[in-house]
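Hi there,

Here is the structure I promised to pass on to you. Have a look at it first, and then read on for what I found in it.

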Amino acid sequence: MSLYPLFADLTDLPVLVVGGGHVAERKVAALLTAGAKVRVGALQFTDTLTQWASAGRIEPILEPFDTTWLDDIWLVIAATNDRELNVQVAACAHARRILANVVDDPALSRFQVPAVVDRSPLTVAISTGGAAPVVARRVRETLESELDHALGPLTALAQRHRARITRRWSDMSERRAFYDWLHDGPVMALLRNAQPEEAERVLLDALSAKPSTPEKGSVTLVGAGPGDPGLLTLRGLRALNQADVILHDQLVSEAILSLARRDAERIDVGKRCGGRHTQQERIHQLLLEHAQAGRRVVRLKGGDPFVFGRGGEEMEFLHRHGIACEIVPGITAAVACAAYAGIPLTHRDHAQSLHLLTGHGKESLDALDWPALSQAHQTLAVYMGVATLGIFTQRLLEHGRHPDTPFAIVESGTLPQQRVVTGALYELPTRAKLHDIRTPALLVVGEVAAMANDYHWFGVSSPAIEVRDDLASTPMEVCAHD
Ligand code: SAH
């Protein structure tokens with residue numbers, strides 16, 4: 001069966017829905033949105049349908065089906081679970097040359113209602129001709145995540161200025177180039193950033209000015225999340241799809257990089273602790289060079305760009321050089337690792353505040369307010385702390401945090417090889433050593449950390465290893481890896 005796709009203008013046209021359940025209600029809602037005059041016939045209505053009837057939004061008929069329901073009707077949808085009734089409705093409609101749809105019954109239907117992705121006024125309709133609605137649903141999900149929500153306002157903007165655009169560019173290929181610019185350039189970026197007036201001004205400028213002012217590049221700082229590609233945001237994914245160049249950290253997984261546009265240039269500017277450092281200035285220079293060459297640059301960072309990610313410095317640098325810079329947040333390691341280990345970072349019974357700390361180097365540790373951090377009922381999430389676990393623990397104990405305070409170390413959080421090691425503060429360095437904790441790892445200290453023992457749900461949990469007395473009594477050691 002091959003169907004003829006069409007979009008119907010039902011404004012003010014009488015249509016009939018037979019059925020008063022939840023499926024019927026959804027059909028009625030869509031028809032009302034399309035501006036149709038909806039008659040609904042059934043023996044019983046859902047609460048919502050009843051409300052719509054009393055508000056005068058629909059014409060209700062609370063009776064057994066009668067062919068007169070079809071009088072003046074342009075379109076019928078049968079949404080009952082009474083197959084005989086559905087057959088009867090379809091037959092009556094057919095006899096009167098009215099197009100009818102029977103929900104989930106392509107054999108009885110003269111038209112089918114597609115799965116829809118709504119970016120009004122842009123609508124994408126998907127149909128498998130009734131062959132496999134599940135496939136249509138999957139395609140819809142894919143499109144839902146890929147189609148930018150700003151496409152709606154962009155389409156509306158193009159509609160408002162369509163006549164002027166057509167006049168300005170009578171040559172078809174020039175016009176197409178203009179629409180490409182509209183879709184890929186600053187107008188779309190402004191709409192995405194909730195600046196519709198500015199977007200319209202840029203569009204109008206482009207319509208009045210001579211074309212081909214050289215396009216300036218831009219940089220988007222994107223947080224890739226902690227590793228699991230499922231934790232990338234939709235906006236991050238879209239930025240990756242549009243990037244000409246991607247400068248990424250080493251912590252960003254291949255699974256995430258493979259989501260980027262195939263022909264995008266990838267530059268690894270990774271600076272893993274212990275490896276050779278790429279200077280931050282070099283990264284700044286690369287960002288600037290590529291943006292000034294007119295490219296769309298994505299600076300892809302692990303976790304969130306603004307949490308121990310030097311995103312702030314990159315933003316300031318770009319701003320100084322007049323390069324447009326957007327920031328797409330990512331799920332930061334503390335939030336992700338805690339969630340994947342079953343640890344609520346705050347909890348009414350156990351923790352009233354959360355501190356994000358870095359354990360990178362002795363200087364950053366010296367700068368911390370230890371008396372404050374050593375109070376009970378607060379959660380400490382420590383980044384880059386593997387090398388300084390010993391000093392960290394010692395300082396907390398010296399300042400009075402209880403030795404039995406629970407901790408959890410989440411190594412390679414959200415990745416298939418995730419490990420969680422738990423214990424009490426006094427034995428933290430010893431345990432970390434016994435389990436050979438390696439970077440990247442996030443340390444959580446606080447009453448909530450104990451919840452990992454019961455609520456941990458992702459990956460394996462390291463089996464509890466008894467701390468040997470001789471190990472437990474050695475002075476706090478600095479772990480070798482990081
Ligand atoms: N901007 C990043 C943090 C960069 S600092 C963010 O917001 O998450 C790097 C540190 O983050 C690592 O040393 C480690 O402590 C932590 N980290 C990053 N990814 C991690 C992961 N998958 N599992 C555990 N810790 C992680």
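**Around the ligand**

The ligand is surrounded by 19 residues, and the closest are Asp-304, Val-307, Thr-332, Gly-413 and Ala-441; a residue is near a molecule if one of its heavy atoms lies within 4 Å of it. Before going further, a word on the basis: this is a predicted model, in which local features need pLDDT of at least 70 and side-chain atom pairs count only at pLDDT 80 or more, while totals for chains, interfaces and linings use all residues. Residues are numbered from 1 along each chain as its sequence is written, and side-chain values use heavy atoms, with hydrogens and water left out.

On the oxygen side, a polar backbone atom of Ala-441 is 2.7 Å from an oxygen atom of the ligand. The ligand taken alone exposes 540 Å², of which the protein buries 93% (accessible areas by the Shrake-Rupley method with a 1.4 Å probe).

What is the shell made of: how many nonpolar, polar and charged residues? There are twelve nonpolar, six polar and one charged. Here Ala, Val, Leu, Ile, Met, Phe, Trp, Tyr, Cys and Pro count as nonpolar, Asp, Glu, Lys and Arg as charged, and the others, Gly among them, as polar. Helix H14 (333-340) and strand S17 (441-445) each give the shell at least two residues; helices (H or I, at least four residues) and strands (E, at least two) are DSSP runs, numbered from the N terminus.

**Domains**

The chain divides into domain 1 (14-113), domain 2 (151-208), domain 3 (218-331) and domain 4 (334-471), with bounds from an automatic or database domain assignment. Domain 3 and domain 4 each contribute at least three residues to the shell around the ligand. As for domain 1 and domain 2, their C-alpha centres lie 40 Å apart.

**Backbone details to check**

Most residues other than glycine have a negative phi, and most peptide bonds are trans. One joins Ser-120 and Pro-121, with omega about 5°; Pro-121 lies in the loop between strand S6 (115-119) and strand S7 (122-126). Another joins Thr-439 and Pro-440, with omega about 0°, and Pro-440 is in the loop between helix H18 (428-434) and S17.

Arg-97, although not a glycine, has a positive phi of about 60°. Arg-97 belongs to the loop between helix H3 (83-95) and strand S5 (99-102) and is exposed, at 80% relative accessibility. (Buried means under 20% relative accessible area, exposed over 50%, partly exposed in between, with a 1.4 Å probe and protein chains only.) Ala-194 is not a glycine either, and has a positive phi of about 60°; its loop runs between helix H8 (186-192) and helix H9 (196-208), and Ala-194 is exposed, at 63%.

The disulfide count is zero, taking a disulfide as a pair of cysteine sulfur atoms within 2.5 Å. Cys-92 is buried at 15% relative accessible area, and Cys-337 is buried at 4%.

In helix H17 (389-398), the buried residues are Leu-389, Gly-390, Phe-392, Thr-393, Arg-395 and Leu-396. Gly-400 follows H17 and has a positive phi, near 100°.

Best wishes

Note on methods: Polar contact = N/O pair within 3.5 Å; in protein donor to acceptor, adjacent residues only side chain to side chain.
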